Amino acid sequence: MKIFLLLYSFLYSFNDSSLYSISFEQADGRVIEMSSFKGKRFMVVVVDPKRPDIAYLDHIHSIARSASVSPHVIAVPASDLEEGKRKTAAPSAFTTLNKSITLSRAVDAGKRSAQQHPLLKWLTHVEGNRHFDRDIEDGLMFMINEKGVLYGVHNKQLSPKLLKEVMEQEIKQQDSRVE
């Protein structure tokens with residue numbers, strides 16, 4: 001019994017630093033506390049800092065805006081994604097993002113990084129989010145409900161139409177669970 005309790009406390013000690021205790025720096029230098037999203041639905045989208053897919057982010061934002069409870073969108077440029085790619089000047093495309101999309105500073109996001117940002121660590125490790133264990137890729141979207149539960153992970157290989165249908169269905173399912 002002691003071994004079970006010890007194992008249980010070890011497995012869930014990672015979660016003691018819950019999602020809402022994490023903070024991140026926005027592109028403009030302001031610090032955002034994840035606790036400000038407590039009780040709100042939001043999405044975190046991993047983007048390439050050198051060549052962000054602004055059309056994809058705008059599409060996600062328009063789907064989110066049309067949902068019954070509009071989730072907030074956080075775009076996280078992952079500095080790990082640019083390894084091995086042809087370096088180009090950072091595009092001014094980020095400046096065209098809708099003001100309601102929060103843009104973080106570029107961070108180490110991959111699971112192999114010794115400096116993986118705590119938000120991405122929570123999102124990519126089952127020990128933190130209790131549901132998914134997945135490394136990052138460009139366009140990967142994490143959906144979190146009002147209770148801080150990660151309930152959906154999608155990549156941008158889904159067609160825009162299918163992505164919209166999947167997101168709307170998941171949002172409806174989450175709404176029915178909250179009621």
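Two strands count as paired if DSSP finds at least two bridges between them. Keep that cut-off at hand for the first stops. Note also that this is a predicted model.

**Stop 1: β4 and β5.** Select β5, residues 101–103. Three bridges join this strand to β4, and the two run parallel. For one of the bridges, pick A75: its partner in β5 is L103.

Stop 2: Pick V44 and look across to β4, where its bridge partner is I74.

**Stop 3: β4 itself.** How many of the six residues of β4 are buried? Five are, which leaves the strand mostly covered.

**Stop 4: the largest nonpolar core.** This core holds 26 residues. Show M34, V44, L119, L120, L123, F142 and I144, which touch the most other members. Then colour the elements that each supply at least two core residues: β3 (42–47), β4 (72–77), α3 (118–124), β6 (141–144) and β7 (150–154). Which element gives the largest share? It is α3, with four residues.

**Stop 5: L120.** Centre on L120 and ignore its neighbours within four places in sequence. What remains in contact is V46, V76, V107, A109 and I136.

Key
Residues are numbered from 1 along each chain as its sequence is written. This is a predicted model: local features need pLDDT of at least 70, side-chain atom pairs count only at pLDDT 80 or more; totals for chains, interfaces and linings use all residues. Side-chain values use heavy atoms; hydrogens and water are left out. A nonpolar core is a set of buried Ala, Val, Leu, Ile, Met, Phe, Trp, Tyr and Cys residues joined through side-chain atoms within 4.5 Å. Buried means under 20% relative accessible area, exposed over 50%, partly exposed in between (1.4 Å probe, protein chains only). Contact means heavy atoms within 4.5 Å.
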